[in-house]
Amino acid sequence: MADFGGADLEAFRRKIREWLQANYPAELRDPSAQTDPEAVWGGRAFEGSADPQIVWMRRMAEQGWTAPTWPKEVGGGGLSAQHARVLDQELAAGRYRPALLSFGVWMLGPVLLEYANDEQKKEHLPKITQGRIRWCQGYSEPGAGSDLAGLQTRCEDKGDHWLIGGSKVWTSYADKADWCFCLVRTDASKKHEGISFVLIDMASPGVETRPIRLISGDSPFCETFFTDVKVPKGNLVGRLNGGWEIAKRLLQYERQNISAGFGEGGSAGGASGDLAEIAKRYVGAADGGVLADADLRRRVTENKMNFQALRQTIARSAAESRAGNGPSATTSIIKYAAAEFAKERSELMIEALGAHGLGWAGEGFAAPELTAVRGWLRTKANSIEGGTSEINLNVVAKRVLGLPDPK
Ligand SMILES: Cc1cc2nc3c(=O)[nH]c(=O)nc-3n(C[C@H](O)[C@H](O)[C@H](O)COP(=O)(O)OP(=O)(O)OC[C@H]3O[C@@H](n4cnc5c(N)ncnc54)[C@H](O)[C@@H]3O)c2cc1C
């Protein structure tokens, strides 16, 4: 690990900039470079791979920069919130590809740091920061989505191991994941107080996944079945029947991270590209180079301003959560707003492209045209994943505004 120490943020910025320029694999600067699209998620499938994306991930992980604010002992960068922000800014300014996309970094790791025992931290956190294990989230069940605490996947104490039986649904990338963080029922006589949080190796006998195909043609998530799956006793995180508290905490981290992925540069927010520029190209520009259609111009500008305000709010709330006790229920405000702005942006994109925005496949369509409808369909999931908009509004009403339950 290179020495980037010192409190001087500008010196730190210069050193980082030099390091990034020297260590970014040349192949990744070429937009047409052939890299496996799954490589950025890491995992066992890429053990020993020479894919340039994996080389980039390893170099960043050696510095601890796949999880910049985590402690160095577990593979993090040990950076302060301000130093981590400088790193983010330099990565964005240099248009570097992400080194690692990871449910482990975004969701599981932060709760392991808070709730896991030392042995669990030592076992799992370095593998997360190094991108060696890909994680999936086993929360939702056919009868337990918004009412998550109604989950039924049972987990029985068999003396020297747990025995797990049941099924999960909408498990993103379960077919590609190595391990699953899972909510299970350990006491059927209580609802919230009968839930535990366990870690399951997806290679265990009895685990089966079936991809679900979407209207967009993708299969980003699966049904996941557990049939008499044996899990070591040491894989229970926190207290037996104490999983609900961990589950809620993890959702706060999830909502914070999902929101950051929406919008122009984000992966989950629909069609990519600068909306204002694309609109000008398709609708036409007036004198002074502005978008010709005044009404569309107003709505595009409003959406852009909303995203700018959102980005600043996310950065502020992330810095607050790094400096304090982690995220809070206010992440539900951000998640709700981000989903609405992302859906609005996709609607505007389709409107600006007109008939060109309906392209699905074929040589007759250019880049923004081909991603527009797929992106628009993808944004429909923005107000469902990580808790629906209605559920987030309920959280805001109860936990942020302190309003009473309706009679
Ligand atoms: C892209 C995507 C990825 C996902 N990935 C994962 C994953 O990796 N792991 C995982 O476990 N889950 C995942 N999910 C599932 C997601 O968490 C659930 O879909 C979500 O929590 C809603 O649950 P549900 O689908 O059962 O809908 P339901 O709970 O059946 O809700 C149906 C409708 O009723 C409304 N509703 C329900 N209860 C209330 C209430 N009390 N007040 C007001 N309105 C209410 C909801 O807002 C919604 O509009 C994913 C979902 C999507 C779309």
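First, a term: buried means under 20% relative accessible area, exposed means over 50%, and partly exposed is in between, with a 1.4 Å probe and protein chains only. By that scale, Tyr173 is partly exposed, with a relative accessible area of 23%.

Now the ground rules. This is a predicted model; local features need pLDDT of at least 70, side-chain atom pairs count only at pLDDT 80 or more, and totals for chains, interfaces and linings use all residues. Residues are numbered from 1 along each chain as its sequence is written, and side-chain values use heavy atoms, with hydrogens and water left out.

Back to Tyr173. Tyr173 sits in the loop between β3 and β4 (179-185). Helices (H or I, at least four residues) and strands (E, at least two) are DSSP runs, numbered from the N terminus. Phi of Tyr173 is near 55°, which is positive, and the residue is not glycine. Most residues other than glycine have a negative phi. Trp170 also has a positive phi, near 60°. Trp170 belongs to strand β3. Its relative accessible area is 48%, so Trp170 is partly exposed.

Polar contacts are pairs of N or O atoms within 3.5 Å. A polar backbone atom of Tyr139 is 3.0 Å from a ligand oxygen. Trp170 places a backbone N or O atom 3.0 Å from a ligand nitrogen. The side chain of Ser172 has an N or O atom 2.7 Å from a nitrogen of the ligand. On its own, the ligand has 980 Å² of accessible area, and the protein covers 65% of that. Areas use the Shrake-Rupley method with a 1.4 Å probe.

Last, Asn303. Asn303 is in helix α8 (residues 294-323). With a relative accessible area of 2%, Asn303 is buried. What does Asn303 touch, not counting residues up to four places away in sequence? Leu275, Phe341, Glu344, Arg345 and Leu348. Contact means heavy atoms within 4.5 Å.

Note on methods:
Polar contact = N/O pair within 3.5 Å; in protein donor to acceptor, adjacent residues only side chain to side chain.
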